[in-house]
Amino acid sequence: MASDSRDTQVRLCRLKETLRRAGVKLTPQRLEIFREVVQTSDHPDAETVYHRVRERVPTVSLDTVYRNLWLLHDLGLILALGSPRERVRFDGDLRPHHHFICTRCGAVHDFCSSELDRLHLPAAVSTLGSPDRVQVEIHGLCTLCARTSVEPERQ
């Protein structure tokens, strides 16, 4: 679900408005970090964002990337995926969708499911709080990894 040019422009307008309301300055580094997350569908982690942004902004630091990713997350402009004990991946697509995460190669793939969007939450969830959204993460072998693990057995 990579974003198209029009979608990116809408997201950039939302970024500017959200930062303005929060009293946060739109710096060139912050803009490039945001663009990197919203213009890709590979759900990059902070180190990947850092290396990609550094090609355009050589003075950006890894600390700046981390601080800005978490700021963008806290302002509701991007999502954080995965376990907090692992390398957190970021997703700039805020539309309802779900993720398939390969347990071997780590690839993250978006998919849509109206069935999962309408998932009935158990009553126990209401004792924990009031959910804002439901996002399902499915973990398993992607088709490429599954194929490579089967191919040697055929020989």
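**Close-up views of a predicted model**

**View 1. Residues where helix 2 meets helix 4.** In this predicted model, Gln29, Arg30, Ile33, Phe34 and Val37 of helix 2 are in contact with Thr64, Val65, Asn68, Leu69, Leu71 and Leu72 of helix 4. Sorted by class, the contact of helix 2 with helix 4 consists of 7 nonpolar, 3 polar and 1 charged residues. Ile33, Phe34 and Val37 are among those on the helix 2 side.

**View 2. The packing angle of helix 2 and helix 4.** Helix 2 covers residues 28–38, and helix 4 covers residues 62–74. The two helices pack at an angle of about 70°, and their axes lie 10 Å apart. Because of this angle, helix 2 is roughly perpendicular to helix 4. The crossing of helix 2 and helix 4 is right-handed.

**View 3. The largest pocket and its lining.** This pocket has a volume of about 240 Å³. Its lining is made up of 12 residues. Glu86, Arg87, Arg89, Ile101 and Gly106 are the ones that lie nearest the centre of the largest pocket. By class, the lining of the largest pocket has 4 nonpolar, 5 polar and 3 charged residues.

**View 4. The second largest pocket and its lining.** The second largest pocket holds about 160 Å³ of space. Residues that line the second largest pocket include the run Leu79, Asp93, Leu94, Arg95, Pro96, His97 and His98. Asp117, Arg133, Val134 and Gln135 also line the second largest pocket. The lining of the second largest pocket divides into 4 nonpolar, 3 polar and 4 charged residues.

Notes. Residues numbered from 1 in each chain as written. Predicted model: local features only at pLDDT ≥ 70, side-chain atom pairs only at ≥ 80, totals over all residues. Heavy atoms only, no water. Axes fitted to C-alpha atoms, helices over the stretch in contact; angles between N-to-C directions. Helix = DSSP H or I, 4+ residues; strand = E, 2+ residues; numbered from the N terminus. Parallel < 35°, antiparallel > 145°, perpendicular 65-115°, else oblique. Left-handed = near helix turned anticlockwise from the far one by under 90°. Contact = heavy atoms within 4.5 Å. Nonpolar A, V, L, I, M, F, W, Y, C, P; charged D, E, K, R; others polar. 1 Å grid on protein atoms, 1.4 Å probe; cavity = no way out; pocket = protein on both sides within 12 Å on 5 of 7 lines; lining within 4 Å. Points joined across faces, edges and corners; volume = space filled by probe spheres on them.
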